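Got a few minutes for a quick tour of how some helices pack? Load the structure and follow along.

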Amino acid sequence: MILAALAIIAGFALLVWSADRFVEGAAATARHAGMPALLIGMVIVGFGTSAPEMVVSAMAALDGSPGLALGNAYGSNIANTGLILGVTAIFIPLAVHSKIVRKELPLLLAITLLGGFFLWDGGLARWESLILLAGFFGLVGWSIYSALTGKGDIVESEIERELETHAMTLGRAIFWLVAGLALLIVSSRILVWGAVTIAEALGVSDLIIGLTIVALGTSLPELAATIIAARKGEHDIAIGNVVGSNMFNLLAVIGIAGAIAPMANVPPEVLTRDWPVVIGLTVALFVFAYGFRGQGRINRFEGAALLLAYIAYNAYLVMTITRAVAA
């Protein structure tokens with residue numbers, strides 16, 4: 001138990017650090033290859049910040065714990081929207097100027113509904129997972145198109161400033177790209193082992209562990225990126241990071257896990273407890289940030305509402321764990 005807890009702590013620390021190095025290396029390598037700044041921000045960085053969830057879920061599925069992968073994806077989306085955007089907006093109200101981000105918001109809502117539809121029959125078949133993966137590649141293609149045709153979008157200048165801040169030589173960029181990816185895999189393996197061991201020791205499902213401990217840990221890169229971007233006044237990057245990560249989680253993270261290990265019996269509480277929270281927070285984000293009567297904005301009150309929803313949900317999960325341990 002103690003060794004498993006230490007594995008989780010060490011896995012998280014290495015995961016967050018390696019994810020940051022991987023993203024910076026990938027972005028700098030793409031920059032040296034002549035990629036436009038907007039394309040790097042939307043595809044390379046967007047993919048990189050979701051890399052922890054993807055690798056952890058793949059490892060969990062390979063280890064025979066698809067529930068951990070599903071919990072990681074849904075829990076990360078709940079943490080991204082409720083915790084990360086909630087905390088950020090309380091201190092720094094977020095305004096949405098980017099047309100690209102506004103287009104992504106209804107797309108995120110549609111993808112969330114699709115994921116719930118696939119789970120409605122109590123399982124996730126391999127063919128449904130492959131559809132999610134196809135949707136992921138379609139999303140990447142759409143992101144590339146939006147980046148190439150979205151010249152002048154405000155998020156482009158924000159990304160340009162970020163790339164200049166983290167400039168590095170080509171050799172150094174390639175080194176961190178490769179080393180970061182390798183360390184991501186190693187840290188994910190350590191984290192999954194620790195999480196599954198803790199779940200077995202406490203007598204709770206790997207789904208619960210994925211929704212709580214693992215989801216929070218794999219969301220740390222987004223938390224850091226969002227707060228830093230908001231403090232610099234780069235509000236569209238802050239919200240865009242979360243929206244992009246949430247779409248990648250629903251399509252790639254669940255799709256990869258389901259393709260590796262189809263889920264014949266998804267726990268019923270996923271549809272009665274977890275998915276409703278995901279869709280509720282997604283709808284709230286859409287209403288707050290889209291800007292139906294003008295500029296989209298998440299103010300302090302709305303940020304507090306998102307954070308309270310996150311706290312209430314996790315308090316309920318902690319009660320579930322407590323009851324399982326007591327039993």
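## Before you start

Keep in mind that this is a predicted model.

## Helix 4 against helix 9

Start with helix 4, which covers residues 66–91, and helix 9, which covers residues 206–218. Their axes sit 7 Å apart and the packing angle is about 45°. The crossing of helix 4 past helix 9 is right-handed.

Who does the touching? On the helix 4 side, the contact residues are Pro66, Gly67, Leu68, Leu70, Gly71, Asn72, Tyr74, Gly75, Ser76 and Leu83. Helix 9 answers with Asp206, Leu207, Ile209, Gly210, Leu211, Val214, Ala215, Leu216 and Thr218. Sorted by class, this contact has 11 nonpolar, 7 polar and 1 charged residues.

## Helix 4 against helix 11

Helix 4 also packs on helix 11, with axes that come within 9 Å and cross at roughly 170°. Anything over 145 degrees counts as roughly antiparallel, and therefore that is the label for helix 4 and helix 11.

Helix 4 brings Ala69, Leu70, Ala73, Tyr74, Ser76, Asn77, Asn80, Thr81, Ile84 and Leu85 to this contact. From helix 11 come Ala238, Ile239, Val242, Ser245, Asn246, Asn249, Leu250, Val253, Ile254 and Ala257. The class count here is 13 nonpolar, 7 polar and no charged residues.

Val242 lies in helix 11 and is buried, at a relative accessible area of 0%. Beyond residues up to four places away in sequence, Val242 touches Asn80, Thr81, Ile84, Leu85 and Thr226. Val242 and Thr226 are 16 residues apart in sequence, and their C-alpha atoms are 7.7 Å apart.

Ser245 is in helix 11 too. Is Ser245 buried or exposed? Its relative accessibility is 1%, so Ser245 counts as buried. With residues up to four places away in sequence left out, the partners of Ser245 are Ser50, Glu53, Asn77, Asn80 and Glu222.

## Gly82 in helix 4

Back in helix 4, have a look at Gly82. Gly82 has 0% relative accessibility and so counts as buried. Not counting residues up to four places away in sequence, Gly82 touches Val87, Leu281, Leu306, Leu307 and Tyr310. For a sense of scale, Gly82 and Ala28 are 54 residues apart in sequence and 31 Å apart, C-alpha to C-alpha.

## The nonpolar cores

In soluble globular proteins, nonpolar side chains tend to be buried together. Which residues touch the most other members of the largest nonpolar core here? They are Tyr74 and Ile298, in a core of 86 residues. Helix 11, residues 235–260, supplies the largest share of this core, with 13 residues.

Ile298 has contacts with Leu85, Ala89, Pro93, Leu94, Ile239, Leu285, Phe288, Ala289, Gly303 and Leu306, leaving aside neighbours within four places in sequence.

Next pair: helix 5 (residues 99–119) packs with helix 6 at about 175°, their axes 12 Å apart. That makes helix 5 roughly antiparallel to helix 6. Ile100, Lys103, Glu104, Leu107, Leu114 and Phe118 of helix 5 meet Glu128, Ile131, Leu132, Leu139, Trp142 and Ser146 of helix 6. By class that is 8 nonpolar, 1 polar and 3 charged residues.

Ser129 belongs to helix 6, residues 126–149. At 0% relative accessibility, Ser129 is another residue that counts as buried. Leaving out neighbours within four places in sequence, Ser129 is in contact with Leu124, Ile254, Gly255, Gly258 and Ala259.

## Last stop: Val196

Val196 is placed in helix 8, residues 170–202. Leaving aside neighbours within four places in sequence, Val196 is in contact with Ser65 and Leu68. Along the chain, Val196 and Ser18 are 178 residues apart, and 22 Å separates their C-alpha atoms.

Conventions. Residues are numbered from 1 along each chain as its sequence is written. This is a predicted model: local features need pLDDT of at least 70, side-chain atom pairs count only at pLDDT 80 or more; totals for chains, interfaces and linings use all residues. Side-chain values use heavy atoms; hydrogens and water are left out. Axes are lines fitted to C-alpha atoms, for helices over the stretch in contact, and angles run from 0 to 180 degrees between N-to-C directions. Helices (H or I, at least four residues) and strands (E, at least two) are DSSP runs, numbered from the N terminus. A crossing is left-handed if the near helix is turned anticlockwise from the far one by less than a right angle, and right-handed if clockwise. Contact means heavy atoms within 4.5 Å. Ala, Val, Leu, Ile, Met, Phe, Trp, Tyr, Cys and Pro count as nonpolar, Asp, Glu, Lys and Arg as charged, and the others, Gly among them, as polar. A nonpolar core is a set of buried Ala, Val, Leu, Ile, Met, Phe, Trp, Tyr and Cys residues joined through side-chain atoms within 4.5 Å. Buried means under 20% relative accessible area, exposed over 50%, partly exposed in between (1.4 Å probe, protein chains only). Angles under 35 degrees count as roughly parallel, over 145 as roughly antiparallel, 65 to 115 as roughly perpendicular and the rest as oblique.
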